[in-house]
Amino acid sequence: MANPEGDGPAASRLQLPPGPWPTLLDCLCDRFPGIGREAWIDRFRRGRVQDAIGVPFDVDAPYRLGAEIRYFREVVDEPVIPFAETLLHLDADLVVADKPHFLPVTPVGRHVRETLLSRLQQRLGNRHLVPLHRIDRDTAGVVLFSANPATRDAYQSLFRQRRIHKSYEAIAPALPLLAFPLTRRTRLERGEPFFRMQEVEGEPNSETRIDVIDRIGPLWRYALEPVTGRKHQLRVHMAALGAPIRNDASYPLVVQNVGNDYTRPLQLLARSLRFVDPLSGIERAFDSRLALDDVSP
């Protein structure tokens, strides 16, 4: 069964854990304390809590250990992100989109409907869409989606085996004392606050190739090629070199209360993806149509 209201994101799934709850409602209220009991009752009444095959539960349904349920995330007064994605490619197996700044790829926090995945699922009427990789909410550019579960693993293998070439552009302060191109290899681990990454001592687990496209004035335009795909890798590596990406609110220091300042997009763009199609054997290339700000300050 599809989303009972015909729009919005696909269902989340939960296997019921051990616990003392007499009803499914009691379990959900306990497990998700941020959602009030009346809100859960309303979801039950609208058919938005279902069993594994999509049959809605009654509000007094008994709790059953180990059962798989489906529920639909909702956010009251979810903010609308006033930027539109662009479709770059569409076929039975692959969807390629150009994501604007500020739009998350998948539901997170207060963003459920206002995500690239949810928008494309509704726009294309395909609940089987799954992103094959992620880019940050703050980053714009090319994102690939699998449209067909039967061929999904073939495309996912491109990322697992590093057989896909990813290139980014960034605007950041000039580094006239460094020789380019250069490669930065470091170990990245979770930092503080929880959403940040940091370089630490140890065996490198991240690698980025960095070159300069334009070097006029105090801000240069850089070409970045991530060999690995660690969280915030490009942002951390550029900041560590002494050239934090323009308008980065997390590196090298956290800047408070700028998350929705649409006048200051992070100057990082997923410019292109190139690979040999695992189904056809044909070389494919997808390029963003977006542009970063001019390099002038």
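**Contacts, pairings and a cavity**

User: Leaving aside its neighbours within four places in sequence, which residues is T106 in contact with?

Analyst: Contact means that heavy atoms lie within 4.5 Å. With neighbours within four places in sequence set aside, the residues in contact with T106 are T115, L117, P131 and R134.

User: What kind of model is this?

Analyst: Residues are numbered from 1 along each chain as its sequence is written, and side-chain values use heavy atoms, with hydrogens and water left out. Local features need pLDDT of at least 70 and side-chain atom pairs count only at pLDDT 80 or more, while totals for chains, interfaces and linings use all residues, the model being predicted.

User: Is T106 buried or exposed?

Analyst: T106 is placed in the loop between β5 and α3 (116-124); helices (H or I, at least four residues) and strands (E, at least two) are DSSP runs, numbered from the N terminus. Buried means under 20% relative accessible area, exposed over 50%, and partly exposed in between, with a 1.4 Å probe and protein chains only. Since its relative accessible area is 18%, T106 is buried.

User: With the side chain of which residue does the side chain of T106 make a polar contact?

Analyst: A polar contact is a pair of N or O atoms within 3.5 Å; within protein, one must be able to donate a hydrogen and the other to accept it, and residues adjacent in sequence count only if both atoms are side-chain atoms. At 3.3 Å, the side chain of T106 has such a contact with the side chain of R134.

User: Which elements are included in what covers the buried residues of α3?

Analyst: The buried residues of α3 are L116, L117, S118, R119, L120 and Q121. Just after α3, G125 takes a positive phi of about 65°. The cover over the buried residues of α3 includes β4, β5, β6 and β7.

User: How many residues lie between β4 and β5 in their hairpin?

Analyst: Two strands pair if DSSP finds at least two bridges between them. Strands β4 (residues 86-90) and β5 (residues 94-99) pair in the antiparallel sense over four bridges, and L90 stands opposite V95 in β5. In the hairpin that β4 and β5 form, the number of residues between them is three.

User: How many residues of strand β12 (residues 219-226) are buried?

Analyst: Strand β8 (residues 164-173) pairs with β12 in the antiparallel sense over six bridges, with Y168 opposite L224 in β12. Strand β11 (residues 206-214) also runs antiparallel to β12 and is joined to it by six bridges, with D211 opposite A223 in β12. Strand β12 is largely enclosed by the rest of the structure, because the buried share of its eight residues is six.

User: Which residue in the turn between β11 and β12 has a positive phi?

Analyst: Strands β11 and β12 form a hairpin with four residues between them. The positive phi, about 85°, belongs to a residue in this turn, G217.

User: How many residues apart in sequence are the parts that R235 and D136 tie together?

Analyst: A salt bridge is a side-chain nitrogen of Lys or Arg within 4 Å of a carboxyl oxygen of Asp or Glu, and R235 forms one with D136, the closest N and O atoms being 3.1 Å apart. R235 lies in helix α5 (residues 233-240) and D136 in the loop between β6 (130-131) and β7 (140-146), so the separation in sequence of the parts tied together is 99 residues.

User: How far apart are the closest N and O atoms of R284 and D277?

Analyst: R284 is buried, at 18% relative accessible area, and D277 is buried as well, at 3%. These residues form a salt bridge, and the distance between the closest N and O atoms is 2.6 Å.

User: How many salt bridges does the structure hold?

Analyst: One of the pairs is R184 with E199, whose closest N and O atoms are 3.0 Å apart; R184 is in strand β9 (residues 182-190) and E199 in strand β10 (residues 197-200). Elsewhere, E85, E114, R119 and R123 are linked in a network. The number of salt bridges in the structure is 19.

User: Which elements give two or more residues to the lining of the largest cavity?

Analyst: On a 1 Å grid over the protein atoms alone, a cavity is a set of points where a 1.4 Å probe fits but cannot get out, and lining residues have an atom within 4 Å of a point. Grid points are joined across faces, edges and corners, and a volume is the space filled by probe spheres set on the points; the largest cavity has a volume of about 40 Å³. Its lining consists of H133, V142, K166, S167, Y168, A270, S272 and L273. The elements that supply two or more of the lining residues are β8 and β13 (268-276).

Conventions: On a 1 Å grid over the protein atoms alone, a cavity is a set of points where a 1.4 Å probe fits but cannot get out, and a pocket is an open set with protein on both sides within 12 Å along at least five of seven lines; lining residues have an atom within 4 Å of a point.
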